[in-house]
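Here is a short briefing on one protein model. Look it over before reading the points below.

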Amino acid sequence: MISRRTLLAASLASPFALSACGPEKPKEAGGRVRIRFATDWRAQAEQGGFYQAVARGFYADKGLDVTLIQGGPSVNVPQLLAANAIEMGLGSNAPIVLSMVQAGAKAKAVMASFQKDPQVLITHPRNDIKSLADMKGKPIMLADASINAFWPWLKAKYGFTDDQVRKYTFNSAPFLADPTSIQQGYVTSEPYTLKTQGKIDPQVYLLADSGYPGYAAMTLVSDAFIAAHPEAVKGFVEATIAGWKDYLRGDPAPGDALITKDNPDMTADLLAQAREKLLSYGIVETPTGEIGTMSLDRWKSFFDIMTGAGVYPADLNWASGVDLSFLPPKS
């Protein structure tokens, strides 16, 4: 099973990407500002707030005409932004934002749908591992992209070493075949699949609950669109927050209907369990119920970890990739 958040090096091979590139400016449709928003994977509950906002008319109420464009293994959101093929898109995790700054990309993260990065490490039921710290010295299956994502934090905090790394090929068969194995995953996805299809009850360790500071599912907006349509960006953030509140705490049926229309593989049970995980693990909401929020202090903490590991230069102007001005004031 391919993990959508680990395919960070995808190419621009999709038909949409090839046909949409160019300096096209946002158009107005019926007096509304047009926004093409590309997600980072096929439609699923992890994008439920956006789909709910479309279905319930929250974007339209803000004067926006929003088109959600499914992502996938051949869609690279930062490249689509750079090519002016979209106005906004979903950035899977914090390293994407820092890498965009390093590459000189003219775009910013304006909100974080996920307050906790949903990355997990998964084991079989076993007595010798009861925490992330217990995994020190043990083989761990990781995707290539994870080496410059959460792995530096694990090394810094727990003393993990590179000789522990084994190749994760997005196939859980090696994990299922070896009861001593450890693999990465996404809290809303792999644990459920392993339990229902692999017939094991895995031990799941959410990195964020042990202090991993990275945000995830950031809304990325081109600098040009921010300059031309600041009110539209503000309206998009407000409507998306409303969409997430309604999807998690209200009736998710309108959003789910659009999700399954785009991606028929999303069955009712898959959507329901993912939504439950988003709630129970506090992925979207802060402990005080805030959605979308970010802080420069937390971004700086993440940047310091990554520079300490040599992933980014210490003089990188990381703050230029973040814009907090469109978030609602703290309550």
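Where is the place of S92? S92 sits in strand β4. Helices (H or I, at least four residues) and strands (E, at least two) are DSSP runs, numbered from the N terminus.

This is a predicted model, where local features need pLDDT of at least 70, side-chain atom pairs count only at pLDDT 80 or more, and totals for chains, interfaces and linings use all residues. Residues are numbered from 1 along each chain as its sequence is written, and side-chain values use heavy atoms, with hydrogens and water left out.

**Confidence**
- The protein chain has a mean pLDDT of 91, and 91% of its residues reach 70 or more. pLDDT is the predictor's confidence in each residue, from 0 to 100.
- For residues 1-24 the pLDDT is below 50, yet this stretch has 76 contacts in the model beyond near neighbours in sequence. Contact means heavy atoms within 4.5 Å.
- Where pLDDT is low, predicted coordinates should not be read in detail.

**Around S92**
- S92 is buried, at 5% relative accessibility. Buried means under 20% relative accessible area, exposed over 50%, and partly exposed in between (1.4 Å probe, protein chains only).
- The side chains of S92 and D40 make a polar contact at 2.7 Å. Such a contact is a pair of N or O atoms within 3.5 Å; within protein, one must be able to donate a hydrogen and the other to accept it, and residues adjacent in sequence count only if both atoms are side-chain atoms.
- S92 and Y215 lie 123 residues apart in sequence, but 8.9 Å apart in space, C-alpha to C-alpha.

**Aromatic rings**
- The whole structure holds 15 aromatic pairs. F37 and F50 form a stacked one, with 4.7 Å centre to centre and 25° between the planes.
- F37 is in strand β2 (residues 32-38) and F50 in helix α2 (residues 48-55), so their pair ties together parts 13 residues apart in sequence.
- Rings of Phe, Tyr and Trp (its six-membered ring) pair if their centres lie within 6.5 Å; planes under 30 degrees apart count as stacked, over 60 as edge-to-face and the rest as tilted.
- Both F37 and F50 are buried.

**Positive phi**
- N84 has phi near 60°, a positive value in a residue other than glycine. N84 is in the loop between α4 (77-82) and β4 (88-93), and is partly exposed at 34% relative accessible area.
- K199 also has phi near 60°. K199 is in the loop between α8 (190-196) and β10 (203-206), and counts as exposed at 67% relative accessibility.
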